[in-house]
Amino acid sequence: MNSQENITIFINGTKYQTQNGQSIMQAADHLGYSIPRLCYHPQLSVEGACRICIVEIEGMKEFQASCSYPIQDGMRIHTNTTELRQARRDILELILDNHPLDCHTCPKNGNCELQRLANILGIEERHFEGERKQYPIDDSSPAIIRNPNNCILCGRCVRVCSETQQIHAIGYAHRGFKTVVMPSYNQAFDKSVCINCGQCINICPTAAFTEKKQTDEVIRILNNKDNITIAQIAPSVRIAIGESFGIESGHNFQQELTAALKALGFDYVFDTQFGADMTIMEEAAELAERYFKGENLPLITSCCPSWVKTAEQFHPDLLPHLSSCRSPMAMLASLTKGYLAKKNHWDLTKVVNIAITPCTAKKFESSREELFLEKDIRCIDYALTTREISWIIKSSGIDLSRMKGQDFDNPMGISSGAASIVGTSGGVIEATLRTFCEKYLDSALPPLQYHESRTTKGIKEATIVINDKKINIAVANGLKSTHSLMDEIRRQKKHYDFVEIMACPGGCIGGGGQPYAASLNFFDQEKILQKRSQALYAIDSSINIHKSHENPAVQQLYKEFLGTPLSELANKLLHTQYSQKIPCGIIPKEVIYDINHSK
Amino acid sequence: MLNPLDIIKKKRAEAINRIIGKGYFSTIRVYVGMASCEIAAGSKEVMAVFEKAIKQGLNDVYLSQKGCSGRCNLEPTVEVVEENKIPVKYGLVNKDRAKTIIDKHIKKGQVIEEWTIQ
Amino acid sequence: MDHSVTPQYKIILCWGSSCQKLSSKSILDRIHQKIDELKMGNNVDIILSGCLGMCSKGPILIINPGYYIYGKITPEIVGEIIEKHINQNKATAAYLIEEDHLFNRFYRIFGDVKFYGRQMRIALRNCGIIDPESIDDYLSVRGYESLAKSLALFTPNQVINEIKASGLRGRGGAGFPTGYKWELTAQEKSSEKFIICNADEGDPGAFMDRNAIESDPHTIIEGMIIGAYAVGAQNGIIYTRAEYPLAIDRLHIAINQAKEHGFLGNNILGTNFSFNIEIRQGAGAFICGEETALIHSLEGKRGVPRTRPPYPATKGLFNKPTVVNNVETWANIPVIIQEGAAWFSSIGTKNSKGTKVFAVAGSVINTGLVEVPMGTTLKEIIFDICGGLPDNKTLKAVQIGGPSGGCLTKDHLDIQVDYESFAEIGTIMGSGGMIVIDNKSCMVKLARFFLEFSQSQSCGKCTPCREGTKRMLEILERITTGNGKPEDIQKLLRLGNTIKKTALCGLGKSAPNPVISTITHFRNEYEEHINEKKCATNDCSALIVYEINDACTGCSACIRICPTKAISGIKKNKHQINQNLCIKCGDCFDICAFKGITRR
């Protein structure tokens, strides 16, 4: 039967015409029935594991999972019979019976899908309580805490890690009641291939994965007045933080957030976008150098720490293509400690850099020794996620939306519009090209005309033609498409000059540290990324300075301190090198080659 | 070109000839159960007894392994088959019984009734 | 016993329902009468067999040695036949029929044994009569003739129609009509299709598949090749357990022999049909017997089931159309092609055709593999074929279908073996495990045993099976250790019903069956465990209490043997057992020579 065709179905006795080819759940969603669900997620493959979304189909002996069962012409579906309600309730109770009873002390309290579902399905008493699982908590990773005791085995994390990211850092181990999600060989998370992107945190309905909180240390540091505390706010935080306070996504809270941070006791609040302008300056220069020499092309962006770890583990042969530029966060931090502190004669041991980011991997990035100012001196001391800073603000009794707005501190508070869009997929490449074209090709960047890559799904491509010069670019977000793009580059099927990679869906706006979804309705969640992205572009157009090289603070810094992009000093403070990493579970390609040939 | 039916007919005839060539029409055929359940019950030892006897000059015996006929509680099983006689099926055959089967049944034609499967 | 006085002739009379209708009964009377007349009672054994599959020529009478088959006999003529054959050693040619069924050879050897006489061996027709490592042996019993017949005389569609018309249903347990499954795959347009033989046999006590592969591997291979021809598959996989090393060896041998003879590989038997088979070993997960989990395992993934539809017939291995059938199903295919759908469908009941293999175990004299026509009663299997229970024990229950099946009671003995009648009474055909239980066994403990198995083998994917069976097991554990609560039976039924209706795969859906069926038929035992903390069969060791009675002579043998020093007392005085230390091992009970210890 044609999937475009309309067919008749009955839901709870009411007759509907709907398009064929849908699952019962999809059809019901469109018709206004919200069948309770848990393991289903629209971005992921259908698992059919939790069995919460069961429905009764007339003529069938057993209940069927509506997420996976396709509708058929004339099908009579019941979503609400007495027996069905009891079965659904009992299944949820079975999940709860093997789940810690600690809602009020749980980091997910109030944001937990299981909690909401327990309320919706009316679990008011327990019938089947018994043994509960007990596993050690893995807090070895600098970014992510894995707590299998909270896990309800819906498998969303496993699917997001293997389908969206194709990292396969976690999988199921053991059978039956002893089933547990863990990294391969049950190794500690920091030893695993996990790239710290935090998508597992965002997608987990409970608190089996959470970010490694640094809130308590930060509060302690803020309360010690000897410290010189410097905050920096990433672009994607300001347009998403409102969601934590019940305000619709897409509202820019830059000034309120700055004021709130000041109220919390930060001495300086800088803009990560200033760091982004610096990154753009350096990266444009790097692109120019490689482009005109024709060496090591494409240049691949390296702002994203998850992507950098991915490249080190899975694409070590392409590491020479990675930009040597540090990320905006790292550049800003490096400049505050390596330039501002010296200029103001601050005691470096008292300067504390705290980055507010949408990202969990920034916690990992800040621990990388490559980015230390000097031995044992970190540039970034703490990286807080949007969720963490929201909690600090709330717990300090500050109402973000009623804060009287304040501007960033100078000199690192001025930024161009270009710097704001680096938070969204395609933004870094566009911002860099604006500067590259004007500075090195003496022409304005023409509007980018993207098209979907013909060979690889999920990749945007464009070709910029300026006079006799052609620049081929590609943009990928989510590591699944990144892996295929890297394969294309490796096979040199198509020539690219400049490639932008962001590990999270949609870029930093969809980072693993962003506010949890406010509702159980996945339709709303899909729109959130769109709204956040639009908000960043709105900031871009609202700022008069449109390109990074036109930022007076940036110009001043080069004049006063760094000289030119790629200067020796710039190289020391703003650039770095990466090398191959072989965590347990990865067999380097050469070894695979050897194994195959020794047979 | 030959039709599949002709090919299979030919193959079957060839196979039967090969079996006959191995002495199928010797006076006595002996089958020893050799599925893993029978082996676990000790049929390899039983097989060895027959093999040894043939090596030592027991003539006119066609010895073959066979699969399991499903008599779990009577394994290992051994069949002694002679043309136009009811095949004799022995159960719970061990080394000693195998030797006795050779001495009494195969050599002297005396069926050992109490060991047969009824 | 002297051989000379033992019966020389064995008369086998078909006792199948069709022959019975055609006056087998009066024929039997006449045979007895005639043999008495001839005073040959000492030289003739009369055996009543199950359906011999020659119904159209019935009633059937077979005389051994020689396996002479007489057809369309009547009470009037049977006397003459017997007299001529037995007294004058002359066969009556007019009634002799030349029936060369594929399974005749089995009965030429085993037909006179009661255990086999009542069976009908189709899938297991060559098991125990050919050398499984010799393709010559297989060819000599008309091996690969069905393949040649399919290739020469049938189009793929005709093969499918033949299987459809035969009424063959999947022998793995669920009983989906095989022909329709094949048709679905055949209709899919795909450059690549697969045939899978599911030999991942995992039920406790079931070994039909292992036996079939070890004893007659070529039959399965031939069935698969025919299936591949029918649906248009290029590759076949036999998925078997690594714990079956001999079966794997023999399959390797058979596949190589089949390749040498041109039954596998390119241009099979000179046609343009090509097909290959490889063997894959499972790591021993019970769940990999579920077809979608099996496919995941073959793809290199964790062996867990997925939701259906889509069914493997349309989207299977590597998302290609795939036929998955179990060993016994494949073993039936060559016979159907050879003997014809009409013949095959004449065996069995209305909706269940052919035969079914059972692995009969437990409290029964003749344990073993039994293949009977569908429609045979449990009574016939347990008492006529397997010889009933040993030591005058009485039958309490029959557990069918292993951990997925249910328990039946002696009231169900007249139930005919087929898919529908089993489903009606809350069990399933399953893959064919049959355990006979006598009145020394506790049904609650039995249910707990099977649930323990299902729970330990649950893949952990869906909630009802992963969590639900665990909770049911906990309840059963507390009942069998004397901690049951009055509401526990209700809870077991509620959970069991939810799991049955909501679990993802067949394993989960059927896991509560042993519990639900034992509650249905033996509720009193549950109640006794819960309310009186007592196990009438003394099977639940935690509920047993050992006490010393007045017969105690104070010999102190029990004191010496007790491993936990729970018994104390002065010599020649009555001893005592400290119940807190007693681990109910029963050693004192066994050693006491004076019946001085009471068990209750």
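Predicted model: local features only at pLDDT ≥ 70, side-chain atom pairs only at ≥ 80, totals over all residues.
At what angle do the axes of α17(C) and helix α21 of chain C cross? Residues are numbered from 1 along each chain as its sequence is written, and chains are lettered from A and ligands numbered from 1 in the order in which they are written.

Now to the two helices. Helices here are DSSP runs of H or I with at least four residues, strands are runs of E with at least two, and both are numbered from the N terminus. The axes of α17(C) and α21(C), the latter spanning residues 513-531, cross at roughly 140 degrees and come within 8 Å. Each axis is a line fitted to C-alpha atoms, for helices over the stretch in contact, and angles run from 0 to 180 degrees between N-to-C directions. Angles under 35 degrees count as roughly parallel, over 145 as roughly antiparallel, 65 to 115 as roughly perpendicular and the rest as oblique; α17(C) and α21(C) are therefore oblique to each other. Among the residues making this contact are C:Phe450 and C:Leu451 of α17(C), together with C:Phe522 and C:Tyr526 of α21(C). Contact means that the C-beta atoms of two residues, placed from the backbone, lie within 7 Å. By class, this helix contact has 10 nonpolar, 2 polar and 1 charged residues. Ala, Val, Leu, Ile, Met, Phe, Trp, Tyr, Cys and Pro count as nonpolar, Asp, Glu, Lys and Arg as charged, and the others, Gly among them, as polar.

Let us step back to the chains. There are 2 pairs of chains in contact, and chains B and C share the most contacts. Chains A and B do not touch, and their nearest C-alpha atoms are 29 Å apart.

Two strands pair if DSSP finds at least two bridges between them. Strand β1 (residues 6-11) of chain A pairs with β2(A) in the antiparallel sense over 6 bridges, and A:Thr8 has A:Gln17 as its bridge partner in β2(A).

Finally, some backbone details. Most residues other than glycine have a negative phi, and most peptide bonds are trans. The bond from B:Glu75 to B:Pro76 is cis, with omega near -5 degrees; B:Pro76 sits in the loop between β2 (61-66) and β3 (78-81) of chain B. Another cis bond joins C:Arg308 and C:Pro309. C:Arg142 has a positive phi of about 65 degrees, and for C:Lys565 phi is near 55 degrees. A residue is buried if 20 or more other C-beta atoms, placed from the backbone, lie within 10 Å of its own, exposed if 12 or fewer, and partly exposed in between. C:Arg142 counts as partly exposed because it has 18 C-beta neighbours inside 10 Å, while C:Lys565, with 9 other C-beta atoms within 10 Å, is exposed.
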